[in-house]
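Here is a friendly briefing to read alongside the model. Please keep the sequence and the structure open as you go through the topics below.

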Amino acid sequence: MYFWIFAPQPISAEDLPRIVLSNAREGLQVAEFPGSFSEPLDLGKYAGDVPSGRWVQVRIPLSDCRTASIYPFKPEYVQNITFHQGRADDMRHTLIVDEIRVDDDPPDAPAVPAPSNVRAVGYDRHVEIEWDEVEPPTLARYVIYRSLDGKNFLPVGIQLPGIHRYEDFLGKPDAHAQYKVAGSDWRYRQSAFSEVASASTHELSDDDLLTMLQRACFHYYWEGADAHSGMARENIPGDERVVATGASGFGIMALMVGVDRGFITREQGVERLTRIVDFLEHAQRYHGAWSHYMDGNTGQTMAVFGMLDNGGDLVETSFLMQGLLAARQYFRGTSAEDQSLYRRITQLWETVEWDWYRETPSSDFLYWHWSPEWAFQIHHPLIGFNEVMITYLLGIASPTHAVPADMYYSGWASQSERAINYRQGWSGSADGNHYGNRHTYYGTKLEVGVGTGGPLFFTHYSFMGFDPHSLHDRFTKSYFDNNRNIARINHAYSIANPKHFAGYGPNAWGLTASDGPDGYVPHAPDGQNDRGTLTPTGALASFPYTPEASMAAFKHYYRDLGDQMWDVYGPRDAFNQGANWVSPIYMGLNQAPIVVMVENYRTGLVWKNFMSNPEIGEMLKKLDDVTAK
């Protein structure tokens, strides 16, 4: 294990902390197999005396780690490092730790060449620097240097191999900067500098700001996609084997926007979609449904959520199919490639056995999971209102394996005791436990939804392709209006801020599912699920519903908080100002809704293409007939 330490004041070896390694995220609070932790290691043994004002690299052989748990400690699975008190000397010491990694000793290899073709583009408050990728396997990082006077270049950031862009947030318009980029190997030997690139920031119009936002988030699904399959990764950084089915459907819709906005060419879009379809045709399927997670190289199921989750996931499949059907129409052309894509997507669509996931021919519900080994053991019924409406809509629309249209009311909008208990159980509220709500929150009446509406992804995931203007039922005249009211309540809740969290306000809102200081949480505007974490996609993917409030949030997240929040894929996943925390990751489920829903606000592009599928029009007629009964 390698890491660097820095002390503003000298610290003797005996006054350095002790460290404990754990292979469970809970650190020392490990109670169950296979969680284990090491005996404390004296950092001073490996670092020696630490001088002031100088970085010192620490190298700890993992063979030195001995278990202090009742189970063996396996250092290759280390999740957590705890620094704790060493010698009690009644003195306050400050130690800064950086760049922790586990690796073999670096090889002695030729120096890294200088990056080439460096270019810089100025935006509203930041400059994007890009260069051609450096190939040598000894590359450990890129180092970006900036000069504001054209003479003195100072390092301002690093970038990891595999990413050859860097976002330098200057914080104001009319700022001019010049840049050089160097490569660096694991021994910290730096290459020669690249040529100089320069750019200036300049005030952007609202329209140009939205294009900038869409382009940045689009890169998650373009540059950040799995190289073999073209599918979206679950999160970045993360386990690079894992691709996510639903996030990939969202990414396909983002791909359409990328082509339409000119971020990539149509030919590039067709090539990428063809690669995705190739992968999906050969990936494991379960009565036509794909699993939640797959290995991007093999297409094999990855049971991330445990042994029962080793089969088909109908909800993730519906998110994927929403994207494929939108793309089927968008890329419908006369070329051989276009026609082949149309036929192959149609084949994937027609082989999803929606009716199988009903469990029995008389069941009132669709079920989320099925496994060849465990069958319907998870037995999670799909009951609204939440993010899974699209599953019922596509199940009813299927030309080959349809479910009855009246399942919309027997399952999705069910009035059964099971459905009532289900809604009240996850929400903790009796409001809306019968699907219809009709209560008023912060001055806004909510016709459909549980409690104050739940997390905002309920209004995004099913409506990225499906246009909510097109749907009404016995409970509301317009799902667009209903979704808009959920967004308005979410915004008003953040202004009221009943739990007094730092950072909330008229331009800081968007409670929805995301990363958080305590892991992934479905943040929502209620006492149970509001933990002080705001998620940019919540507000930004709500542009069709709340354009003014969404634009205010975007300008705040970018212009005021951009030095912490803006990076290579746009705004980071989430932040919690009270906890002084910004998410270190991006999530595949959260960047694409920004791209797609902003485009639906601007042009309706994805809505128009998805709704042009003839099966969707037929499905809506069936629903109208059932609703009228």
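D567 and R572 form a salt bridge, their closest N and O atoms lying 2.7 Å apart; the term means a side-chain nitrogen of Lys or Arg within 4 Å of a carboxyl oxygen of Asp or Glu. D567 has 19% relative accessibility and counts as buried, and R572 is buried with 17%; buried means under 20% relative accessible area, exposed over 50% and partly exposed in between, with a 1.4 Å probe and protein chains only.

This is a predicted model, in which local features need pLDDT of at least 70 and side-chain atom pairs count only at pLDDT 80 or more, while totals for chains, interfaces and linings use all residues. Residues are numbered from 1 along each chain as its sequence is written, and side-chain values use heavy atoms, with hydrogens and water left out.

**Salt bridges**

- The whole structure holds 29 salt bridges.
- One of them joins D338 to R266, with 3.1 Å between the closest N and O atoms. Because D338 sits in helix α6 (residues 336-350) and R266 in helix α4 (residues 266-282), the pair ties together parts that are 72 residues apart in sequence. Helices (H or I, at least four residues) and strands (E, at least two) are DSSP runs, numbered from the N terminus.
- D338 is buried at 6% relative accessibility, whereas R266 is partly exposed at 31%.
- R328 and E615 also meet in a salt bridge, at 3.0 Å from N to O. R328 belongs to helix α5 (residues 314-330) and E615 to helix α16 (residues 614-628), so this pair ties together parts that are 287 residues apart in sequence. Both R328 and E615 are buried.
- A network of salt bridges links D124, R125, E203 and R559.
- The C-alpha atom of D124 is separated by 5.4 Å from that of T201, 77 residues apart along the chain. T201 has its place in the loop between β13 (197-200) and α2 (206-222), and it is buried at 2% relative accessibility.

**The second largest pocket**

- This pocket contains about 1,100 Å³ of space. A pocket is an open set of points on a 1 Å grid over the protein atoms alone, with protein on both sides within 12 Å along at least five of seven lines, and lining residues have an atom within 4 Å of a point. Its volume is the space filled by probe spheres set on the points, which are joined across faces, edges and corners.
- The lining has 35 residues, of which Q159, L160, I163, I236 and P237 lie nearest the centre.
- β10 (154-159), β11 (165-169), α4, α13 (562-565) and β23 (566-567) each supply at least two lining residues.

**Backbone features**

- Most residues other than glycine have a negative phi, and most peptide bonds are trans.
- The peptide bond from I236 to P237 is cis, with omega near -5°, and P237 lies in the loop between β14 (235-236) and β15 (242-244).
- Another cis peptide bond runs from G384 to F385, with omega near 15°; F385 is in the loop between β18 (369-370) and α7 (389-397).
- D90 is not a glycine, yet it has a positive phi of about 60°. D90 is in the loop between β5 (80-84) and β6 and is exposed at 79% relative accessibility.
- H500, not a glycine either, has a positive phi of about 60°. H500 lies in the loop between α10 (479-496) and β21 (513-514) and is exposed at 69% relative accessibility.

Technical notes:
1 Å grid on protein atoms, 1.4 Å probe; cavity = no way out; pocket = protein on both sides within 12 Å on 5 of 7 lines; lining within 4 Å.
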